[in-house]
Amino acid sequence: QTGDQLDRGDGERAILDLFERLADEAHQAGGAFYSLLGNHETMNVELDLRYVTPGGYVDFADIPYDETDPLISSYPESERGRVAAFRPGGPYAEILAGHNVVMVVDDTVFVHGGILPAHVTYGLERINQEVQAFFQGTMTFPRIMESSESPVWSRHYSDETGADECALLEETLNALSASKMVVGHTVQRFGITSACNSQVWRIDVGMAAYYDGSISVLEIVGDEVRILQ
């Protein structure tokens, strides 16, 4: 799952709790389930709450907090539980700190926005570790994650992807000895799409109620890629 479990809807706490349970159950069964970090997860830990719904505050209202904490007290009372939950080092920030920004499985790169050559040079594991440390409250947010070209904000491969973007993708994949990338972030209105001779697959189909998209899954078995609807 390529990120954006938070914002623009209610029931987020149930989603996060479900994903943690699925990860445990999959591991116990000999498999694995991974949910990646998207821009909305990083926004919440940065306390950028512009897309939180009223129900999103109610969901986390029972998270305990120190009423004398100046950061917490600077927010309206109705928002303080969510702030306590997601501030760096908060209980749900700690849960999300167990997740990655990017993963490479066999020859497929999975990420929310997109990986660029600069990210490969910086180091994918370094990106994961630094974002996780920020979520845990032990370092500042890494600068490489801040711009529209960050791994969780890039739309190079998911929106108006042309020859230049495909060349960038090919350079990135070659540097990682990978054959394809799977991204989310940009809603595809007519189902899962691919571009750049199937070197990128765009799997955000807006399944959330906010977008009312169709239920779709990308299945990769060996060299075969199949869309399930």
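Modeller: A charge is said to sit over a ring if NZ of Lys or CZ of Arg is within 6 Å of the ring centre and within 35 degrees of the ring normal. The model discussed here is predicted.

Biologist: What makes R126 a residue whose charged end sits over the ring of Y122?

Modeller: The charged end of R126 is 3.8 Å from the centre of the Y122 ring, and the cut-off is within 6 Å. The charged end of R8 likewise sits over the ring of Y51, at 4.3 Å from its centre.

Biologist: Why is the pair of F134 and F135 called edge-to-face?

Modeller: The ring centres of F134 and F135 are 6.0 Å apart and the planes stand at 65 degrees. Centres within 6.5 Å make a pair, and planes over 60 degrees apart count as edge-to-face, so F134 and F135 receive that name. Both F134 and F135 are buried.

Biologist: Why is Y210 called exposed, and why is Y211 called partly exposed?

Modeller: Y210 has a relative accessible area of 52%, and exposed means over 50%, so Y210 is exposed. Y211 has 27% relative accessibility; buried means under 20%, so Y211 counts as partly exposed.

Biologist: How do you know that a disulfide joins C166 to C196?

Modeller: The S to S distance of C166 and C196 is 2.0 Å, and the cut-off is within 2.5 Å.

Methods: Residues numbered from 1 in each chain as written. Predicted model: local features only at pLDDT ≥ 70, side-chain atom pairs only at ≥ 80, totals over all residues. Heavy atoms only, no water. Phe/Tyr/Trp six-rings, centres within 6.5 Å; stacked < 30°, edge-to-face > 60°. Buried < 20%, exposed > 50% of the residue type's maximum accessible area, 1.4 Å probe, protein only.
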